[in-house]
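Biologist: I have a structure to go through with you, and I'm new to this. Could you take me through it slowly?

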Amino acid sequence: MAKYAITGAQAAVSGSYKTVLDVFATSGSLRRGKVFDVLIGTNGTPADNYLQWDISRMTADGTGSAVTPNPLDPADVAALATAKSNYTAEPTIAANSSLFNVGVNQRASYRWVAAPGSELLFPAVAGNGLALRALSGGYTGSATGDFMYEEQ
Amino acid sequence: MRRPGGYACVTDPDGGRQECDTFTCAHCNRLTHVEPRQKPEDVGGLCRACMGLICRWCVGRACVPFLKKLDQMEARERALRSYGL
(Lines give C-alpha, C1' and ligand atoms only; values in the text may rest on other atoms or scores of the structure.)
Protein backbone atom coordinates (compact mmCIF):
# COMPACT_ATOMS: atom_id res chain seq x y z
CA MET A 1 0.00 0.00 0.00
CA ALA A 2 1.80 3.06 -1.28
CA LYS A 3 1.69 6.44 0.40
CA TYR A 4 1.78 9.77 -1.41
CA ALA A 5 2.12 13.48 -0.63
CA ILE A 6 0.19 16.14 -2.48
CA THR A 7 0.41 19.89 -2.02
CA GLY A 8 -1.92 22.56 -3.24
CA ALA A 9 -3.04 26.15 -2.93
CA GLN A 10 -6.04 28.32 -3.62
CA ALA A 11 -4.96 31.67 -5.04
CA ALA A 12 -8.12 33.58 -4.25
CA VAL A 13 -9.89 32.76 -1.00
CA SER A 14 -13.33 34.36 -0.77
CA GLY A 15 -16.46 34.39 1.33
CA SER A 16 -17.67 31.14 -0.22
CA TYR A 17 -15.88 27.83 -0.12
CA LYS A 18 -13.08 27.42 -2.66
CA THR A 19 -11.30 24.12 -3.08
CA VAL A 20 -7.63 24.26 -2.17
CA LEU A 21 -6.77 20.64 -2.82
CA ASP A 22 -8.55 17.40 -3.53
CA VAL A 23 -7.83 13.80 -4.31
CA PHE A 24 -10.27 11.41 -5.92
CA ALA A 25 -10.49 7.99 -7.52
CA THR A 26 -9.78 8.06 -11.23
CA SER A 27 -12.15 6.44 -13.69
CA GLY A 28 -10.61 3.28 -15.11
CA SER A 29 -8.00 2.86 -12.38
CA LEU A 30 -10.00 2.81 -9.20
CA ARG A 31 -8.43 2.37 -5.82
CA ARG A 32 -9.61 3.20 -2.31
CA GLY A 33 -7.73 6.03 -0.60
CA LYS A 34 -6.95 6.98 2.98
CA VAL A 35 -5.94 10.52 3.94
CA PHE A 36 -3.82 10.32 7.08
CA ASP A 37 -2.14 13.73 7.28
CA VAL A 38 -3.58 17.21 6.67
CA LEU A 39 -1.60 20.44 6.91
CA ILE A 40 -3.24 23.81 6.26
CA GLY A 41 -2.13 27.44 6.35
CA THR A 42 -1.85 30.64 4.35
CA ASN A 43 0.97 32.33 2.47
CA GLY A 44 -0.50 35.78 1.87
CA THR A 45 0.17 39.07 3.66
CA PRO A 46 -0.17 38.38 7.38
CA ALA A 47 -3.25 39.81 9.08
CA ASP A 48 -5.79 38.76 11.66
CA ASN A 49 -8.63 37.10 9.79
CA TYR A 50 -10.37 33.81 10.23
CA LEU A 51 -10.31 31.03 7.70
CA GLN A 52 -12.84 28.26 7.91
CA TRP A 53 -11.50 24.98 6.62
CA ASP A 54 -13.58 22.05 5.55
CA ILE A 55 -12.99 18.58 4.17
CA SER A 56 -16.05 17.17 2.43
CA ARG A 57 -16.81 14.34 0.09
CA MET A 58 -16.80 15.13 -3.61
CA THR A 59 -18.60 13.12 -6.24
CA ALA A 60 -17.49 14.79 -9.49
CA ASP A 61 -14.55 16.87 -10.59
CA GLY A 62 -14.57 20.57 -11.40
CA THR A 63 -11.87 22.73 -12.97
CA GLY A 64 -8.55 22.80 -11.18
CA SER A 65 -4.82 22.50 -11.72
CA ALA A 66 -3.40 18.99 -11.78
CA VAL A 67 -1.13 17.94 -8.93
CA THR A 68 1.19 14.96 -9.25
CA PRO A 69 1.20 12.82 -6.10
CA ASN A 70 4.73 12.20 -4.89
CA PRO A 71 5.35 8.71 -3.49
CA LEU A 72 6.78 8.87 0.02
CA ASP A 73 8.84 5.83 -0.91
CA PRO A 74 10.52 6.53 -4.27
CA ALA A 75 10.33 2.83 -5.05
CA ASP A 76 6.55 2.94 -5.19
CA VAL A 77 4.66 3.17 -8.46
CA ALA A 78 2.83 6.29 -9.60
CA ALA A 79 -0.47 7.01 -7.88
CA LEU A 80 -3.71 5.89 -9.50
CA ALA A 81 -5.83 8.61 -7.91
CA THR A 82 -6.13 12.10 -9.36
CA ALA A 83 -5.21 15.18 -7.36
CA LYS A 84 -5.95 18.79 -8.22
CA SER A 85 -5.66 22.20 -6.59
CA ASN A 86 -6.52 25.88 -7.08
CA TYR A 87 -10.03 25.21 -8.38
CA THR A 88 -11.71 27.85 -10.51
CA ALA A 89 -14.91 25.82 -10.97
CA GLU A 90 -15.78 23.88 -7.84
CA PRO A 91 -16.09 20.10 -7.79
CA THR A 92 -19.46 18.63 -6.89
CA ILE A 93 -19.62 18.33 -3.12
CA ALA A 94 -21.96 15.77 -1.56
CA ALA A 95 -24.56 17.40 0.68
CA ASN A 96 -23.98 17.12 4.44
CA SER A 97 -20.72 15.26 3.91
CA SER A 98 -18.34 17.41 5.90
CA LEU A 99 -15.79 15.28 7.76
CA PHE A 100 -13.71 18.08 9.14
CA ASN A 101 -14.59 21.70 9.79
CA VAL A 102 -12.35 24.01 11.75
CA GLY A 103 -11.83 27.77 12.02
CA VAL A 104 -8.21 28.88 12.15
CA ASN A 105 -6.63 32.32 12.38
CA GLN A 106 -4.96 33.35 9.13
CA ARG A 107 -1.62 33.64 10.93
CA ALA A 108 -1.81 30.13 12.34
CA SER A 109 -1.19 26.76 10.79
CA TYR A 110 -2.99 23.53 11.58
CA ARG A 111 -1.93 19.92 11.24
CA TRP A 112 -3.85 16.74 11.80
CA VAL A 113 -2.30 13.29 11.75
CA ALA A 114 -4.35 10.11 11.93
CA ALA A 115 -3.41 7.03 13.88
CA PRO A 116 -3.42 3.89 11.72
CA GLY A 117 -7.01 2.78 11.20
CA SER A 118 -8.47 6.26 11.78
CA GLU A 119 -7.84 7.83 8.38
CA LEU A 120 -10.36 9.76 6.27
CA LEU A 121 -11.41 7.31 3.58
CA PHE A 122 -12.70 7.66 0.04
CA PRO A 123 -14.12 4.80 -2.00
CA ALA A 124 -12.83 3.30 -5.22
CA VAL A 125 -15.66 4.95 -7.12
CA ALA A 126 -14.96 7.20 -10.12
CA GLY A 127 -14.91 10.87 -9.20
CA ASN A 128 -15.36 10.21 -5.49
CA GLY A 129 -12.80 11.70 -3.17
CA LEU A 130 -12.06 14.28 -0.51
CA ALA A 131 -11.91 18.02 -1.09
CA LEU A 132 -10.14 20.47 1.20
CA ARG A 133 -11.89 23.83 0.99
CA ALA A 134 -11.48 27.21 2.66
CA LEU A 135 -13.48 30.40 3.05
CA SER A 136 -12.86 33.66 4.82
CA GLY A 137 -14.86 36.79 5.52
CA GLY A 138 -11.82 39.06 5.33
CA TYR A 139 -8.93 37.27 3.68
CA THR A 140 -8.69 37.18 -0.12
CA GLY A 141 -5.11 35.97 -0.54
CA SER A 142 -3.66 32.53 -1.02
CA ALA A 143 -4.30 29.49 1.17
CA THR A 144 -2.22 26.34 1.15
CA GLY A 145 -3.04 22.75 1.98
CA ASP A 146 -1.19 19.45 1.99
CA PHE A 147 -2.46 15.90 2.15
CA MET A 148 -0.65 12.67 2.69
CA TYR A 149 -2.69 9.70 1.67
CA GLU A 150 -2.44 6.01 1.07
CA GLU A 151 -3.82 3.99 -1.81
CA GLN A 152 -5.15 0.62 -0.79
CA MET B 1 -7.95 10.24 25.69
CA ARG B 2 -6.90 6.64 25.82
CA ARG B 3 -5.80 5.29 22.44
CA PRO B 4 -6.69 8.36 20.33
CA GLY B 5 -7.38 8.00 16.62
CA GLY B 6 -5.26 10.99 15.74
CA TYR B 7 -3.65 14.16 16.84
CA ALA B 8 -4.29 17.80 15.90
CA CYS B 9 -1.96 20.72 16.44
CA VAL B 10 -2.52 24.45 15.84
CA THR B 11 0.63 26.56 15.74
CA ASP B 12 -0.04 30.21 16.55
CA PRO B 13 2.07 33.03 15.08
CA ASP B 14 3.45 33.86 18.52
CA GLY B 15 4.89 30.37 18.79
CA GLY B 16 2.16 28.92 20.97
CA ARG B 17 0.79 25.47 20.23
CA GLN B 18 -2.63 24.07 20.97
CA GLU B 19 -2.84 20.32 20.78
CA CYS B 20 -5.65 17.86 21.14
CA ASP B 21 -6.48 14.25 20.44
CA THR B 22 -8.94 13.28 17.72
CA PHE B 23 -10.91 10.28 16.59
CA THR B 24 -12.78 9.46 13.40
CA CYS B 25 -16.34 8.22 13.69
CA ALA B 26 -16.68 4.50 13.00
CA HIS B 27 -20.08 5.11 11.34
CA CYS B 28 -19.64 8.29 9.26
CA ASN B 29 -15.85 8.86 9.20
CA ARG B 30 -16.27 12.41 10.58
CA LEU B 31 -13.31 13.80 12.50
CA THR B 32 -13.91 14.82 16.12
CA HIS B 33 -11.53 16.87 18.25
CA VAL B 34 -11.38 15.88 21.89
CA GLU B 35 -10.40 18.63 24.30
CA PRO B 36 -8.61 17.69 27.54
CA ARG B 37 -11.07 16.67 30.27
CA GLN B 38 -14.02 16.87 27.89
CA LYS B 39 -16.95 14.73 28.93
CA PRO B 40 -17.28 11.57 26.78
CA GLU B 41 -20.98 12.23 26.14
CA ASP B 42 -20.13 15.65 24.66
CA VAL B 43 -17.97 14.18 21.90
CA GLY B 44 -20.03 11.11 20.99
CA GLY B 45 -19.93 7.64 22.38
CA LEU B 46 -18.99 4.02 21.96
CA CYS B 47 -21.08 1.84 19.66
CA ARG B 48 -21.69 -1.42 21.49
CA ALA B 49 -22.38 -3.23 18.22
CA CYS B 50 -19.13 -2.51 16.36
CA MET B 51 -17.18 -1.32 19.42
CA GLY B 52 -16.07 1.78 17.56
CA LEU B 53 -16.02 5.39 18.73
CA ILE B 54 -18.83 7.37 17.13
CA CYS B 55 -19.48 11.10 16.83
CA ARG B 56 -22.37 12.87 18.54
CA TRP B 57 -24.38 12.96 15.28
CA CYS B 58 -24.29 9.16 15.04
CA VAL B 59 -25.25 8.48 18.65
CA GLY B 60 -28.61 6.73 18.79
CA ARG B 61 -28.58 5.70 15.15
CA ALA B 62 -28.32 2.19 13.76
CA CYS B 63 -24.84 0.69 13.54
CA VAL B 64 -23.61 0.68 9.96
CA PRO B 65 -19.80 0.69 10.04
CA PHE B 66 -18.27 3.10 7.55
CA LEU B 67 -16.15 0.37 6.00
CA LYS B 68 -19.36 -1.49 5.18
CA LYS B 69 -20.74 1.65 3.53
CA LEU B 70 -17.56 1.93 1.43
CA ASP B 71 -17.93 -1.71 0.37
CA GLN B 72 -21.54 -1.01 -0.67
CA MET B 73 -20.52 2.08 -2.69
CA GLU B 74 -17.82 0.13 -4.49
CA ALA B 75 -20.12 -2.84 -5.14
CA ARG B 76 -22.67 -0.47 -6.68
CA GLU B 77 -19.94 1.03 -8.90
CA ARG B 78 -18.86 -2.44 -10.04
CA ALA B 79 -22.45 -3.42 -10.78
CA LEU B 80 -23.11 -0.27 -12.80
CA ARG B 81 -19.93 -0.80 -14.81
CA SER B 82 -20.87 -4.43 -15.48
CA TYR B 83 -24.20 -3.18 -16.90
CA GLY B 84 -22.31 -0.74 -19.09
CA LEU B 85 -23.72 2.29 -17.26
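Biologist: How many bridges join β1(B) to β2(B), and do they run parallel or antiparallel?
Modeller: Six bridges join β1(B) to strand β2 (residues 17-24) of chain B, and the two run antiparallel. Strands here are DSSP runs of E with at least two residues, while helices are runs of H or I with at least four residues, and both are numbered from the N terminus. Two strands pair if DSSP finds at least two bridges between them. This is a predicted model, in which local features need pLDDT of at least 70 and side-chain atom pairs count only at pLDDT 80 or more, whereas totals for chains, interfaces and linings use all residues. Residues are numbered from 1 along each chain as its sequence is written, and chains are lettered from A and ligands numbered from 1 in the order in which they are written.

Biologist: What lies between β1(B) and β2(B)?
Modeller: They form a hairpin with five residues between them, and Gly15(B) in the turn has a positive phi of about 95°. Within the pair, Ala8(B) has Cys20(B) of β2(B) as its bridge partner.

Biologist: And which residue of chain A stands opposite Ala8(B)?
Modeller: That is Trp112(A). Six bridges join β10(A) to β1 (residues 6-11) of chain B, again antiparallel, and Tyr110(A) has Val10(B) as its bridge partner there.

Biologist: How many residues are in contact between chain A and chain B?
Modeller: In this model, 20 residues of chain A are in contact with 21 residues of chain B, where contact means that the C-beta atoms, placed from the backbone, lie within 7 Å. On the chain A side, β10(A) gives the most, with six residues.

Biologist: Switching topic, where is Cys63(B)?
Modeller: Cys63(B) is in the loop between β5 (53-55) and α2 (66-82) of chain B. Not counting residues up to four places away in sequence, Cys63(B) touches His27(B), Cys47(B), Ala49(B) and Cys50(B). Cys63(B) and Ala49(B) are 14 residues apart in sequence, yet 6.6 Å apart in space, C-alpha to C-alpha.

Biologist: Why does Cys63(B) count as partly exposed?
Modeller: Because 15 other C-beta atoms lie within 10 Å of Cys63(B), and a residue is buried with 20 or more such atoms, exposed with 12 or fewer, and partly exposed in between.

Terms used
Two residues are in contact if their C-beta atoms, placed from the backbone, lie within 7 Å.
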